[in-house]
Amino acid sequence: MYKTEKMNLIQKSRSFLNRYQKLQILVHSASVDYTYKNYNVERKPDFAKVTKEDIAFFDGLIPGRVVTDDHELEAHNTDWLHLVKGMSKVMVKPKTTEEVSKILKYCNDRSLAVCPQGGNTGLVGGSVPVFDEIILSMNLMNKINTVDEVAGFAVCQSGVVLEQLDQYLRDYNLMVPLDLGAKVVILAVMYQQMLVV
Ligand SMILES: Cc1cc2nc3c(=O)[nH]c(=O)nc-3n(C[C@H](O)[C@H](O)[C@H](O)COP(=O)(O)OP(=O)(O)OC[C@H]3O[C@@H](n4cnc5c(N)ncnc54)[C@H](O)[C@@H]3O)c2cc1C
């Protein structure tokens with residue numbers, strides 16, 4: 001009983017912290033200066049700019065999962081530490097590897113720059129665009145495919161959050177032996193998932 005209450009309390013605190021962090025990003029992002037200004041970098045002219053036709057293509061491919069709302073994009077254009085800020089005008093949220101593949105093929109053919117983004121908790125500015133790159137969000141690629149209890153091995157999509165996997169594995173009496181401060185860190189950070197009994 002005591003253990004369950006403790007777990008509930010931990011979960012409530014984590015959920016509060018996540019919401020607080022999101023709010024913090026929104027409040028601070030307005031005051032962050034654009035990366036290209038701070039670091040005096042120039043956009044390469046070889047890259048194309050996103051057009052209405054590009055948005056229409058993405059909309060057709062993944063209807064309802066193309067974000068162009070500036071307000072919603074704000075948090076994805078700014079990093080967790082509020083040190084860098086990009087100006088992306090579109091974020092795509094694929095659910096499958098095939099969709100990622102089609103998006104990347106299209107972007108490659110059109111010379112459109114792409115910035116993959118997981119939990120957006122990286123501390124070195126790599127997770128946000130510098131200019132108007134298309135944000136390729138991993139948020140919806142959060143399926144845990146298989147768990148091999150004997151080998152202690154899990155196969156997941158690259159957007160699975162460490163905490164989500166850890167909770168899922170409790171049923172198997174397994175855990176993820178990696179507890180980063182950033183709870184929304186996704187599996188893209190891991191080369192392999194070693195699970196312990
Ligand atoms: C409070 C806090 C505590 C932390 N504590 C620790 C700690 O104890 N130890 C530690 O090692 N780190 C720690 N970190 C840093 C943590 O490792 C990063 O948050 C992590 O690297 C973020 O990974 P992410 O998958 O969420 O991706 P993001 O932050 O979104 O991106 C990280 C990079 O990976 C790329 N990327 C994202 N998804 C993919 C994908 N599917 N395919 C290819 N590329 C992709 C992005 O373009 C970006 O360059 C902490 C961070 C915070 C905010």
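Which residues have the most contacts inside the largest nonpolar core? Hi everyone, let me answer that after a word on the model. This is a predicted model, so local features need pLDDT of at least 70, side-chain atom pairs count only at pLDDT 80 or more, and totals for chains, interfaces and linings use all residues. Residues are numbered from 1 along each chain as its sequence is written.

Now the answer: V160, L162, L165 and I186 have the most contacts inside that core, which has 13 residues. By nonpolar core I mean buried Ala, Val, Leu, Ile, Met, Phe, Trp, Tyr and Cys residues joined through C-beta atoms within 7 Å; buried means 20 or more other C-beta atoms within 10 Å, with C-beta atoms placed from the backbone. Strand 6 (153-156) and helix 6 (162-169) each supply at least two of its residues. Helices (H or I, at least four residues) and strands (E, at least two) are DSSP runs numbered from the N terminus. Helix 6 gives the largest share, three residues. Another core, of eleven residues, lies apart from it and includes F58, V92, I134 and I135.

Four strands form an open sheet in the order 1-2-4-3, with mixed pairing; two strands pair if DSSP finds at least two bridges between them. Strand 1 (66-67) and strand 3 (114-117) are at the edges, each with a single partner, so one side of each has no neighbour in the sheet.

S137 is buried because 20 other C-beta atoms lie within 10 Å. Its C-alpha is 9.1 Å from that of H76, 61 residues apart along the chain.

Conventions. Buried ≥ 20, exposed ≤ 12 C-beta atoms within 10 Å, placed from the backbone.
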